[in-house]
Amino acid sequence: MKEEIEEKQEKKAEEQVAPENVQNLLVPADKYLKSGAHIGTRFKSGEMKKYIYKMRSDGLSVLDVQTLDERIRTAATFIAKYNPEKIAVVSRRIYGKTPAEKFAEVIGAKSMVGRFIPGTFTNSTHKEFFEPRLVIATEPESDSQAIEEAAKVKAPVIGLCSTNNSTKNIDLVVPANNKGRKGLALVYWLLAREVLKARENITKDEQFERKVEEFEYKLTEEDIKAEQEAAEAKQSRFGKFRRFSRPGGSSSRGQRRDR
């Protein structure tokens, strides 16, 4: 059953991307599609509308794969110009932890995962003080503190932005799914490979020995349990809403009194 659902989702995703928009990509188009790197949310901010290719029938936004691919190239070229020891890769979201750490490890940057302590970029007396020349943010909403501090110290920010994100203080937007494990893994894996190529540490894709799976956050039993509980809680709230509401705003309790 699970395999059938995943196959249908992949097929639906493939149908949402026009063939003419997926030429000369860093990886075959199906790799982007299967990772879900181009799938956004049901919400779209004003700043991100221009990156949306179309809306799926289930309400999810679909990002333009060609633009995602081009921005990865642009970001890699930009990153390669900086001293890696002065680059901060931040991710508060747990799914971004492994991708951010692996990317930082490969290019020689500093990873900052988990809660970002206020003052890390701005307070020189802070024990974790770091003076970045470039900041890479995994998810603008959860990494907002780091982005705000980067703006204060005038460090440019590259942000992986989904359709619901604000691009305030983001200097270079990489429109991508920043909430999925596989999508984040693929984007950071490609960034790492392309940065090494831009630096001429490697000259061919085949020389990049890291596997994309190494960049993917691995779910623990605690994670799986937490996800199940969250899904059950969401279903419970939805069920209550269905029971206590009807078209027109009347509650089910009111319906019983009217009988």
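Biologist: Leaving aside neighbours within four places in sequence, which residues is Glu-216 in contact with?
Modeller: Quick caveat: this is a predicted model, where local features need pLDDT of at least 70, side-chain atom pairs count only at pLDDT 80 or more, and totals for chains, interfaces and linings use all residues. Residues are numbered from 1 along each chain as its sequence is written, and side-chain values use heavy atoms, with hydrogens and water left out. Contact here means heavy atoms within 4.5 Å. On that basis, Glu-216 touches Thr-98, Arg-181, Lys-182 and Ala-185.

Biologist: Is Glu-216 buried or exposed?
Modeller: Glu-216 sits in the loop between α6 (181-198) and α7 (221-243); helices are DSSP runs of H or I, at least four residues, and strands are runs of E, at least two, numbered from the N terminus. Buried means under 20% relative accessible area (1.4 Å probe, protein chains only). Glu-216 has 12% relative accessibility, so it counts as buried.

Biologist: Why is strand β3 largely enclosed by the rest of the structure?
Modeller: Look at both faces: Ile-87, Val-89 and Ser-91 are buried on one side, Ala-88 and Val-90 on the other. β3 is largely enclosed because, of its five residues, the number buried is five.

Biologist: Which residue in β5 stands opposite Val-89?
Modeller: Strands pair if DSSP finds at least two bridges between them. β3 and β5 (residues 134-137) pair in the parallel sense over four bridges. Within that pairing, the residue opposite Val-89 is Ile-136.

Terms used: Buried < 20%, exposed > 50% of the residue type's maximum accessible area, 1.4 Å probe, protein only.
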